[in-house]
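Subject: Structure handover and notes

Hi there,

Here is the structure I promised to pass on. Please have it open while you read the notes below.

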Amino acid sequence: MKTDSLRELARERLPRAVYDYYVGGADDETTVRANREAWAAIELRPRVLVDVSAADASVDLLGHRLPSPVVLAPTAFHRLAHDDGELATARGAGDRLMVASSLSTVPIEEIVAAARGPVWLQLYVFRDRELSAALVRRAEEAGCVGLCLTVDVPVVGNRERDVANHFVLTVSMEMAIFSGLLQSEMPEAGGSGLAHYIADQFDASLDWGAIEWLRGVTRLPVIVKGIQHPDDGRRAVEAGVDAIVVSNHGGRQLDGAQATARVLPDVVAAVEGRLPILVDGGLRRGTDVARALALGAAAVLVGRPYLWGLATGGAEGVARVLDELDHEFVRALQLLGVPAADALGPEALAPVR
């Protein structure tokens with residue numbers, strides 16, 4: 001089912017505040033729209049008479065051979081969409097890489113146990129550094145194979161839908177990764193409870209020293225998510241991170257931020273192949289995945305599409321969405337005349353005029 005149709009079906013089934021939380025962006029949501037439109041604006045240039053009978057969608061990423069370049073982005077509060085929450089998502093992910101959110105509603109140990117593929121833990125740095133360090137230790141002990149540090153939330157974006165809906169978790173639901181570490185219920189306050197929680201707990205003074213600190217408390221690969229400027233890509237290389245994610249947080253932070261499809265080529269040029277680059281934001285079709293890899297991405301992350309699958313069909317719904325994306329990507333490879341994902345490059349793109 002096309003993503004837009006699935007989103008509408010999810011809208012009918014979810015409470016308004018939950019649907020708005022998942023679909024919404026910051027301010028006027030111009031960056032949410034720009035993310036999608038920018039991918040569609042990139043024209044493809046296929047080659048013909050190439051043997052694509054066995055097109056290979058698999059890619060290498062930080063020591064793992066993944067069945068496709070489609071990675072599950074970290075998204076919060078899956079039990080708002082389905083009773084099985086992140087367990088259903090992990091099962092639906094199959095052999096793909098899943099990035100579990102720090103704001104998951106299922107403990108990280110259970111997520112990793114339910115997953116067939118590799119799992120990274122997405123991490124925020126809290127005012128209480130020991131809290132973050134404890135999460136790192138839990139991720140290591142659970143079997144996570146990477147830490148994805150989100151760096152674009154010094155403060156929460158102005159998500160007007162959440163403010164209007166007074167978005168907050170129900171009393172019976174908790175941020176399970178924090179179980180036993182701090183009070184998991186969001187504070188009672190006017191507007192968005194999540195925004196108040198972030199203001200209370202997240203460290204707005206975070207700087208590049210956080211990378212050194214994180215490297216000092218883990219031996220896992222460190223991936224930095226939220227790069228939007230080529231100079232920050234260079235600094236990430238200098239800081240010794242293992243990979244970066246070009247991301248504007250799905251348009252949920254700074255409205256008016258440049259679409260990730262437009263940022264990606266500049267960051268790729270700045271990094272000069274010294275580490276893998278992933279990208280998220282508005283990818284909805286297999287052709288978008290092909291565009292991203294042709295621009296230099298090693299893999300892509302998708303979030304909202306699989307949430308619509310989760311909301312409408314649990315683990316099977318997640319699997320259907322991801323399988324369709326993979327199918328579309330393989331077909332795009334074949335129609336482009338490219339026999340493998342690893343062979344995608346700028347020659348698959350039409351020149352910008």
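What follows is a walk through a helix pair, a few loop residues and one further helix.

First, the ground rules. This is a predicted model, in which local features need pLDDT of at least 70 and side-chain atom pairs count only at pLDDT 80 or more, while totals for chains, interfaces and linings use all residues. Residues are numbered from 1 along each chain as its sequence is written, and side-chain values use heavy atoms, with hydrogens and water left out.

**Helix 10 and helix 11**

Two packed helices are described by the angle between their axes and the distance between the axes. Helix 10 covers residues 230-238 and helix 11 covers residues 260-271; they pack at about 35 degrees, with axes 8 Å apart. Helices here are DSSP runs of H or I with at least four residues, strands are runs of E with at least two, and both are numbered from the N terminus. The axes are lines fitted to C-alpha atoms, for helices over the stretch in contact, and the angles run from 0 to 180 degrees between N-to-C directions. The crossing of this pair is right-handed (the near helix is turned clockwise from the far one by less than a right angle).

On the helix 10 side, Pro-230, Gly-233, Arg-234 and Val-237 take part, and they meet Asp-266, Val-267, Ala-270 and Val-271 of helix 11. Contact means heavy atoms within 4.5 Å. Sorted by class, this contact has 5 nonpolar, 1 polar and 2 charged residues (Ala, Val, Leu, Ile, Met, Phe, Trp, Tyr, Cys and Pro count as nonpolar, Asp, Glu, Lys and Arg as charged, and the others, Gly among them, as polar).

Pro-230, Gly-233, Ala-236 and Val-237 are the buried residues of helix 10, where buried means under 20% relative accessible area, exposed over 50%, and partly exposed in between, with a 1.4 Å probe and protein chains only. Seen down the axis of helix 10, these residues fall within an arc of 110 degrees, so they line one face of the helix; the arc is that of the directions from the helix axis to the C-beta atoms. They pack against strand 7 (222-227), strand 8 (243-246) and helix 11. After helix 10 comes Gly-240, with a positive phi near 85 degrees.

**The loop between strand 8 and helix 11**

Asn-248 sits in this loop and is buried, at 2% relative accessible area. Its side chain is joined to that of Asn-35 by a polar contact of 2.9 Å. For polar contacts, the cut-off is a pair of N or O atoms within 3.5 Å; within protein, one must be able to donate a hydrogen and the other to accept it, and residues adjacent in sequence count only if both atoms are side-chain atoms. Beyond its neighbours within four places in sequence, Asn-248 is in contact with residues including Thr-31, Asp-152, Gln-228 and Asp-280.

His-249 lies in the loop between strand 8 and helix 11 too. Its phi is positive, near 65 degrees, although His-249 is a residue other than glycine, and it is buried with a relative accessible area of 14%.

**Phe-77 and helix 4**

Most residues other than glycine have a negative phi. Phe-77, which is not a glycine, has a positive phi of about 60 degrees. It is placed in the loop between strand 3 (70-72) and helix 4 (85-93), and it is buried with a relative accessible area of 0%.

Among the buried residues are Glu-86, Leu-87 and Thr-89. Their cover includes strand 3, strand 4 (98-100), helix 5 (108-114) and helix 13 (304-336). Helix 4 is followed by Gly-94, whose phi is positive, near 60 degrees.

Asp-56 lies in the loop between helix 3 (30-40) and strand 1 (59-61). Is Asp-56 buried or partly exposed? Asp-56 is partly exposed, at 33% relative accessible area. Ser-58 is placed in the loop between helix 3 and strand 1 and is buried, at 11%.

The side chains of Asp-56 and Ser-58 make a polar contact of 2.7 Å, and a polar contact of 2.9 Å joins the side chains of Ser-58 and Arg-65. Asp-56 also touches Arg-65, along with Leu-333, Pro-339, Ala-340 and Ala-341, not counting residues up to four places away in sequence.

Best wishes
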